[in-house]
Amino acid sequence: MLSSITDVKVSSSPAAADQDGRGAALIARMESVPISRWHVRARVVMGSATFFDAFDALSLAYVLPVLIGMWHLAPGQIGLLIATGYIGQLVGAIFFGWLAERIGRVKSEFWTILLMSVMSLACAATGNFNGLMVCRFIQGIGVGGGNPVAAVYINELSVAHNRGRFFLLYELIFPLGLLAAAQAGSLLVPHVGWQSMFLVGGIPGLLIVGFIWFLPESPRWLIGKGRFDEAERIIERIEASTDKRIEVKARPRVPAQAARKAGVRELFSAFYRKRTFVVWALWGTAYFVANGLNNWMPSLYKTVYHLPLGQALRLASMSNVLSVIFVLACAFLVDRVGRRRWVMSSFSIAGVLLAALYFTGAPSAYGVMLLGSTAYAVIGTTTILLFLYTPEIYPTRMRAVGTALATSWFRAASAAGPAIVGVVLGTKGVAPVFLMFAGVCVLGLLAALGMTETRQKSLEEIAP
């Protein structure tokens with residue numbers, strides 16, 4: 001399989017040309033090595049962090065049905081408590097995206113996991129609404145920074161050939177983390193207590209930070225910083241992990257760091273402006289629907305349909321069971337189908353299912369479980385796919401900050417979605433909630449029309 005890579009010629013001096021040439025040769029060597037045990041090992045370690053990132057993100061949803069009765073929470077307070085964590089994630093996505101461009105992907109990920117885990121234990125120690133809200137906000141800063149930085153790191157280790165499958169099998173860990181939170185919530189909360197969710201999310205994370213610290217840094221980031229010797233030592237270890245090679249048709253010209261310094265403003269340059277606005281719209285719409293549904297499902301079953309606590313939590317967990325199945329299918333099919341076509345189909349199918357709930361009046365919990373959970377699982381493939389697609393459309397020099405700013409829209413939408421659900425539910429009832437989600441799916445479909453197709457291209461070709 002050939003992996004064609006275009007030239008980018010920006011050098012203005014012999015020294016810069018030498019740097020460009022060495023960087024180009026190192027990138028070509030990376031692209032020539034197929035996925036090996038070295039890549040898989042890095043994926044497992046970073047994936048462990050992503051697993052507990054997802055677990056901590058959803059843990060509150062399975063605690064809320066208990067806290068609603070214990071603390072006498074109104075729908076507006078429930079929405080505010082969910083939203084507060086996502087506001088923290090918005091702050092974390094921006095801050096750690098900026099930090100990852102300066103100190104590296106691995107060191108930034110270390111601090112996000114440490115903060116997230118410590119604050120998970122703090123959540124378990126709180127005993128009132130205000131205390132939990134503060135702790136969830138601070139924890140959200142770590143959660144918000146962790147996933148986009150990890151996604152950039154894994155994407156930069158990938159090569160063009162079958163990158164979609166390799167990356168999405170890694171990102172499958174995120175819905176598995178959500179599934180684990182759902183199953184743990186349905187088993188532990190009714191019998192052990194709500195604090196157990198935060199303990200399970202926090203203690204293993206403290207063990208993982210040590211493994212994260214010893215991961216090798218992204219060679220693409222090192223090359224972008226002009227640290228060629230460090231990058232070459234890592235690439236030599238990648239090459240030593242397998243004798244197989246992919247033929248590379250043309251070597252890229254990687255610009256010298258002095259010649260190409262990126263800033264946030266470059267996201268809005270003539271070349272990247274459309275990509276930036278399209279991907280922001282995709283993040284916002286997909287996560288407004290996905291996290292609005294996923295965070296409210298347990299509470300809907302308990303408060304609207306009056307199911308017993310255990311049954312409500314088990315029914316809510318079906319959303320995440322289906323999500324794992326659908327994301328696995330996406331991982332194996334997306335390189336054939338293409339990013340743009342998959343996202344368009346995802347918004348279309350989810351929109352139809354959610355509209356059907358509105359027009360039928362959402363009369364039963366099992367109807368919501370069938371249609372609502374399937375809609376969540378379908379749109380969930382797009383939420384995961386965006387972690388693949390977004391780093392592909394930006395160059396190394398701005399990949400972390402571009403991805404972090406894009407994911408900040410998902411944090412904002414994830415804060416707005418649950419909060420608006422609380423308002424609509426309290427004033428209009430449950431059926432209009434699903435109509436609102438269906439309308440947002442239409443907006444996502446319109447945004448998907450402007451996507452740039454990226455499958456089977458090198459990162460350098462997609463984002464010069």
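Modeller: Happy to, and one definition comes up at once: buried means under 20% relative accessible area, exposed means over 50%, and partly exposed lies in between, with a 1.4 Å probe and protein chains only. This is a predicted model, in which local features need pLDDT of at least 70 and side-chain atom pairs count only at pLDDT 80 or more, while totals for chains, interfaces and linings use all residues. Residues are numbered from 1 along each chain as its sequence is written, and side-chain values use heavy atoms, leaving out hydrogens and water.

Colleague: Is S346 buried or exposed, and with which side chain does S346 make a polar contact?

Modeller: S346 sits in helix α13; helices here are DSSP runs of H or I with at least four residues, strands are runs of E with at least two, and both are numbered from the N terminus. Its relative accessibility is 3%, so S346 counts as buried. A polar contact is a pair of N or O atoms within 3.5 Å; within protein, one must be able to donate a hydrogen and the other to accept it, and residues adjacent in sequence count only if both atoms are side-chain atoms. At 3.0 Å, the partner of the S346 side chain is the side chain of T382.

Colleague: What about S345, is that residue buried, exposed or partly exposed?

Modeller: S345 also lies in helix α13. The relative accessibility of S345 is 37%, so the residue counts as partly exposed.

Colleague: How are α13 and α14 oriented to each other?

Modeller: Axes are lines fitted to C-alpha atoms, for helices over the stretch in contact, and angles run from 0 to 180 degrees between N-to-C directions. Helix α13 (residues 339–360) packs against helix α14 (residues 365–392) at about 155°, with the axes 9 Å apart. Angles under 35 degrees count as roughly parallel, over 145 as roughly antiparallel, 65 to 115 as roughly perpendicular and the rest as oblique. That is why α13 and α14 are roughly antiparallel.

Colleague: What is the handedness of that crossing, and how do the contact residues of α13 with α14 divide?

Modeller: A crossing is left-handed if the near helix is turned anticlockwise from the far one by less than a right angle, and right-handed if clockwise; α13 passes α14 in a left-handed crossing. For the residues, Ala, Val, Leu, Ile, Met, Phe, Trp, Tyr, Cys and Pro count as nonpolar, Asp, Glu, Lys and Arg as charged, and the others, Gly among them, as polar. The contact comprises 17 nonpolar, 6 polar and 2 charged residues.

Colleague: And how does α6 lie against α14?

Modeller: Helix α6 (residues 163–171) packs with α14 at an angle of about 130°, and their axes are 9 Å apart. That angle makes α6 oblique to α14. As for handedness, the crossing of α6 and α14 is right-handed.

Colleague: Which backbone oxygen lies 2.8 Å from the side chain of T390?

Modeller: T390 is in helix α14. With 0% relative accessibility, T390 counts as buried. A polar atom of its side chain lies 2.8 Å from the backbone oxygen of L386.

Colleague: How many aromatic pairs are there, and which class does Y287 with F410 fall into?

Modeller: Rings of Phe, Tyr and Trp (its six-membered ring) pair if their centres lie within 6.5 Å; planes under 30 degrees apart count as stacked, over 60 as edge-to-face and the rest as tilted. The count by this rule is 21 aromatic pairs. Y287 and F410 have ring centres 3.7 Å apart and planes at 20°, which makes the pair stacked. This pair joins helix α11 to helix α15 (residues 396–427) across 123 residues, and both Y287 and F410 are buried.

Colleague: What class is the pair of F288 and F437?

Modeller: The ring centres of F288 and F437 are 6.0 Å apart with planes at 70°, so the pair is edge-to-face. F288 in helix α11 and F437 in helix α16 (residues 431–448) are 149 residues apart. F288 and F437 are each buried, and the class asked for is edge-to-face.

Colleague: Where is H72, and is H72 buried or exposed?

Modeller: H72 is in the loop between α2 (37–70) and α3 (75–103). Most residues other than glycine have a negative phi. H72 has a positive phi, near 55°. Its relative accessibility is 65%, so H72 counts as exposed.
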